[in-house]
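Subject: A structure for you to explore

Hello,

Here is the structure I promised to pass on to you. Please open it beside this email and look things up as you read.

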Amino acid sequence: MSIADTLTSKKVLIAAGAVVVAAGVGGIAYAVADDRDELTGSTLDQASAAALKYVGDGRVTDSERSDKDDPGSYEVEVTRPDGTEVDVRLDDKFAIISVDDDRPTQTTTVTTGPAAIPTPTAADDDRVLTADQQRRASDAALTRVPGTVVDVDAGDDQVAGRVAAYEVEVRAPGGAEWNVWLDDRFAVITATPDN
C-alpha cells in the first residue's frame, strides 16, 4: 500500500468519525430540547390536578407543553388502573380544552330522573362531556338505533327545529353508521344515516 493510499484511507476514517460525533452531538441536543417541553414544578402539579379531577382514578404518566401551534397549552396523559389512557389538553389557566379517551364507550342501564343538565348555548359544541353524559347519551341513542356506539360529541346544531345537545354515532349490526341527535334531556330528536 502506498503512502497516498494510506493518507486517503485515514481521511475517510476521520470523515466517518466526524459524522458519528456530529450525529451523537445532534442526538444529545435533540434530547435536551425535548426535555424542555416536559412540565415541572407547580405547572406540572396544577395540570395534573386538573386532568385527574376530570378522569378520576388514574395516574399521570406523561406531560408536556403543547406544540408550537398552540404554545400556551399543556397536555397531560393519565393512565387508568385498567391500562386505558386519556390525553387531556389544558389551556394556560388549566381549564380543559379537549379530551382524547382511548377507552371504548361502555353502555349500561340508567335509571332516569331529574338531572341538572345545562341548556346548550352557541359554544356548547366545544364543551367537554363528562363520563356520565357520555353514558346517558349512548344509552339513549341505542334505544333508537341498536348497535355499537362509536363516538359521542357535544352539539349545538339545529335538528328538526330543536337544539341538539348531543350527537351520538352508532354502528348498526349490519355495519351502517347512524347519527343520533339528542336534546339536553337525552331525548332522541332524530336519527339519520351517516353517508
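Below is what was found in it, from the whole chain down to single residues.

First, two notes on how to read it. This is a predicted model, in which local features need pLDDT of at least 70 and side-chain atom pairs count only at pLDDT 80 or more, while totals for chains, interfaces and linings use all residues. Residues are numbered from 1 along each chain as its sequence is written, and side-chain values use heavy atoms, with hydrogens and water left out.

**The whole chain**

The protein chain has three helices and eight strands. Helices (H or I, at least four residues) and strands (E, at least two) are DSSP runs, numbered from the N terminus. Reading from that end, the order is α-α-β-β-β-β-α-β-β-β-β. Of the 195 residues, 29% count as buried; buried means under 20% relative accessible area, exposed over 50%, and partly exposed in between (1.4 Å probe, protein chains only). The accessible surface of the protein chain is about 12,100 Å², and 54% of that belongs to carbon and sulfur atoms. These areas come from the Shrake-Rupley method with a 1.4 Å probe, and for residues only the protein chains shown count as cover.

**The sheet of S1 to S4**

In what order do the four strands of the open sheet lie? The order is S1-S2-S3-S4, with antiparallel pairing; two strands pair if DSSP finds at least two bridges between them. Strand S1 (59-65) and strand S4 (96-101) stand at the edges with a single partner strand each, so one side of each has no neighbour in the sheet. On average, neighbouring strands of this sheet are turned by 20° against each other, direction ignored. For such angles, axes are lines fitted to C-alpha atoms (for helices over the stretch in contact), and angles run from 0 to 180 degrees between N-to-C directions.

S1 and strand S2 (residues 74-79) run antiparallel and are joined by six bridges. Contact means heavy atoms within 4.5 Å.

Now look at Ser 73, in the loop between S1 and S2. Is Ser 73 buried or exposed? Ser 73 is buried, with a relative accessible area of 0%. Leaving out residues up to four places away in sequence, Ser 73 touches Arg 65, Ser 66, Arg 89, Leu 90, Asp 91 and Ile 97.

**Two aromatic pairs**

Rings of Phe, Tyr and Trp (its six-membered ring) pair if their centres lie within 6.5 Å; planes under 30 degrees apart count as stacked, over 60 as edge-to-face and the rest as tilted. By this rule there are two aromatic pairs. Tyr 74 and Phe 94 are stacked, at 5.3 Å centre to centre with 10° between the planes. This pair links distant parts of the chain, 20 residues apart: Tyr 74 is in strand S2 and Phe 94 is in the loop between S3 and S4. Tyr 74 counts as buried at 10% relative accessibility, and Phe 94 counts as buried at 17%.

Why is the pair of Tyr 166 and Phe 186 stacked? Their ring centres are 4.7 Å apart and their planes stand at 15°, so the pair is stacked. Tyr 166 lies in strand S6 (residues 162-171), and Phe 186 lies in the loop between strand S7 (177-182) and strand S8 (188-193). Both Tyr 166 and Phe 186 are buried.

**The hairpin and the cores**

S7 and S8 form a hairpin with five residues between them, and Phe 186 in the turn has a positive phi of about 70°. The two strands pair in the antiparallel sense over five bridges; Trp 181 has Thr 190 as its bridge partner in S8.

A nonpolar core is a set of buried Ala, Val, Leu, Ile, Met, Phe, Trp, Tyr and Cys residues joined through side-chain atoms within 4.5 Å. The largest has 19 residues, of which Ala 137, Tyr 166, Val 168, Val 170, Val 180 and Leu 182 touch the most other members. Helix H3 (131-144), strand S5 (148-159), S6, S7 and S8 each supply at least two residues of this core. A second, separate core has twelve residues, including Leu 39, Ala 47, Val 55 and Leu 90.

Happy exploring!
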